[in-house]
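Subject: Structure for you to look at

Hi,

Here is the structure I promised. Please open it next to this email and follow along.

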Amino acid sequence: MRLLPLDRCQPGVILGKSIYHGNGKVLLTKGTKLTNSLIASLKRFHIYTIYIEDEQSEGIEIVESLPEPVLMEAMEVITHGITNIVELNTNHSNFHGMMKSGRVIRSFQKIFRDILVSLKDNPTALNLLATTKIHDNHVYTHSLNVAIYACQLAIENGLPLKSIEDIGLGAMLHDIGKMYISPEILNKPGKLTQDEFHQMKSHCQIGFDILRKVHEIPLTVAHCAFQHHERIDGTGYPRGLQGEEIHKYAKILSVADVFDAVTSHRVYRPALLPHKGLELLYAGVDTQFDRKQVELFKKCIAIYPQGMTVKLNDGKTGIVSNYNFHSAGRPQIRIIKDEEGQEIKPYEIDLAAADYLTVEIIDADPLLYY
Ligand SMILES: [Fe+2]
């Protein structure tokens with residue numbers, strides 16, 4: 001199985017993984033032979049890459065970071081939960097509202113515990129590309145992705161269970177204030193005006209004000225919403241906090257938040273590949289992001305996800321076939337083309353093995369996310 005940009009898919013290719021709607025329903029089942037009209041409708045749904053089965057990638061299995069049912073349920077909980085909290089906030093709380101908010105928070109906690117258990121049971125590098133979903137609303141999918149990254153990062157930090165759960169809840173709700181920002185601003189292609197940027201920035205304060213009023217939500221969770229755009233050197237917002245003034249949970253969240261934002265496709269810009277997203281985080285170490293968090297994050301994520309096409313410095317082309325957990329930048333590669341770009345009988349090399357120390361990945365499929 002391998003990842004392929006939809007633009008390069010020819011009719012007749014076999015879908016390697018099912019494609020889901022954001023609500024958890026299957027849109028196309030794996031094994032489907034794609035036709036011109038199916039490819040066209042996937043494009044209309046803003047699907048940019050798919051997993052396909054072909055001869056060259058036979059036997060490459062993509063390891064799921066999280067089981068599909070957990071992801072789908074999490075999506076549902078987040079979508080309903082955020083809507084409910086916003087509704088309760090608008091209609092002012094009463095006894096009924098308090099009961100309801102209690103239920104909502106418990107549903108968040110339950111699903112987050114499922115995510116936590118799955119991550120602990122399956123200690124592989126996170127590869128959130130492994131699920132092809134149609135994203136109707138960025139706030140919901142982004143919140144789920146940030147929760148998964150932040151959860152793994154909290155585990156890597158060796159934090160106690162209660163802290164991990166609070167970070168998870170904070171991650172799932174960190175952008176709740178965006179529900180009050182107009183979609184025109186949220187999805188605006190190009191630069192925001194000063195006034196629009198001012199409105200955009202207000203989502204942190206709005207989120208904090210909503211969350212701190214919910215009885216069942218710890219104040220540290222509300223601070224995740226308040227502080228996730230603060231930066232180490234004080235250039236963040238809304239308060240321009242610096243270094244140690246920023247809560248540890250917010251430092252974890254900001255790394256997870258930025259990584260997911262830049263590696264996700266938006267209508268106004270293409271996504272960065274994971275290794276480029278990581279470079280961007282490293283560029284901001286000590287100024288924007290906490291060094292320790294960026295370094296721990298590198299250990300959690302699949303920099304070169306399985307199925308991705310890569311070019312090596314010896315001119316050969318290959319597909320990432322397996323991930324080396326302790327050597328993130330040096331996965332196992334199935335070589336499929338020689339230096340001249342001619343297809344060859346595929347063979348495997350392990351970049352983490354000493355024999356190949358001089359071989360490096362110099363490029364990953366630049367079209368993958370367009
Ligand atoms: Fe945000």
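What is the site of the iron ion like, judging by the angles among its four donor atoms? It is irregular, with angles of 84 to 172 degrees. A tetrahedral site would need all angles between 85 and 135 degrees. One thing to keep in mind: this is a predicted model.

**The iron site**

Four residues coordinate the iron ion: Asp 175 through OD, and His 203, His 228 and His 229 through NE2. The distances run from 2.2 to 2.3 Å. Along the chain, the donors follow the spacing D-x27-H-x24-H-H. Two of these residues are neighbours in that pattern, His 228 and His 229. His 228 is buried, at 0% relative accessible area. His 229 also counts as buried, at 14%, because the cut-off is under 20%.

**Helix H7**

Now find helix H7, residues 194-212. It has 19 residues and reaches 28 Å from its first C-alpha to its last. That is close to the 27 Å expected at 1.5 Å a residue. Where does H7 bend? The bend is at His 203, by about 30 degrees. His 203 is also an iron donor.

Several residues of H7 are buried, among them Glu 196, Met 200, His 203, Cys 204 and Phe 208. What covers the buried residues of H7? The cover includes helix H2 (68-90), helix H5 (161-173), helix H6 (183-186) and helix H8 (219-227).

**Salt bridges**

How many salt bridges does the structure hold? There are 16. Side chains of opposite charge can pair when their charged atoms come close.

Start with Arg 212 and Asp 209, which meet at 3.0 Å, N to O. Both lie in helix H7, three residues apart, so about one helical turn separates them. Residues three or four places apart in an α-helix point the same way, because there are 3.6 residues a turn. Arg 212 is partly exposed at 49%, and Asp 209 is partly exposed at 24%.

Next, look at Arg 291. It forms a salt bridge with Asp 286, with the closest N and O atoms 2.8 Å apart. Arg 291 forms another with Glu 295, at 3.7 Å. Arg 291 and Glu 295 are four residues apart in helix H11 (residues 291-300), so they too are separated by about one helical turn.

Last, Glu 73, Lys 110 and Asp 114 are linked in a network of salt bridges.

Best wishes

Notes:
Residues are numbered from 1 along each chain as its sequence is written. This is a predicted model: local features need pLDDT of at least 70, side-chain atom pairs count only at pLDDT 80 or more; totals for chains, interfaces and linings use all residues. Side-chain values use heavy atoms; hydrogens and water are left out. Donors are N, O and S atoms within 2.8 Å of the metal (3.2 Å for Na, K and Ca); water is not among the atoms, so sites may look incomplete. Four donors count as tetrahedral if all angles lie between 85 and 135 degrees; four count as square planar and six as octahedral if opposite donors are over 155 degrees apart and all others between 65 and 115; anything else is irregular. Buried means under 20% relative accessible area, exposed over 50%, partly exposed in between (1.4 Å probe, protein chains only). Helices (H or I, at least four residues) and strands (E, at least two) are DSSP runs, numbered from the N terminus. The expected span of a helix is 1.5 Å times one less than its number of residues. The bend at a residue is the angle between axes fitted to the seven residues ending there and the seven starting there. Contact means heavy atoms within 4.5 Å. A salt bridge is a side-chain nitrogen of Lys or Arg within 4 Å of a carboxyl oxygen of Asp or Glu.
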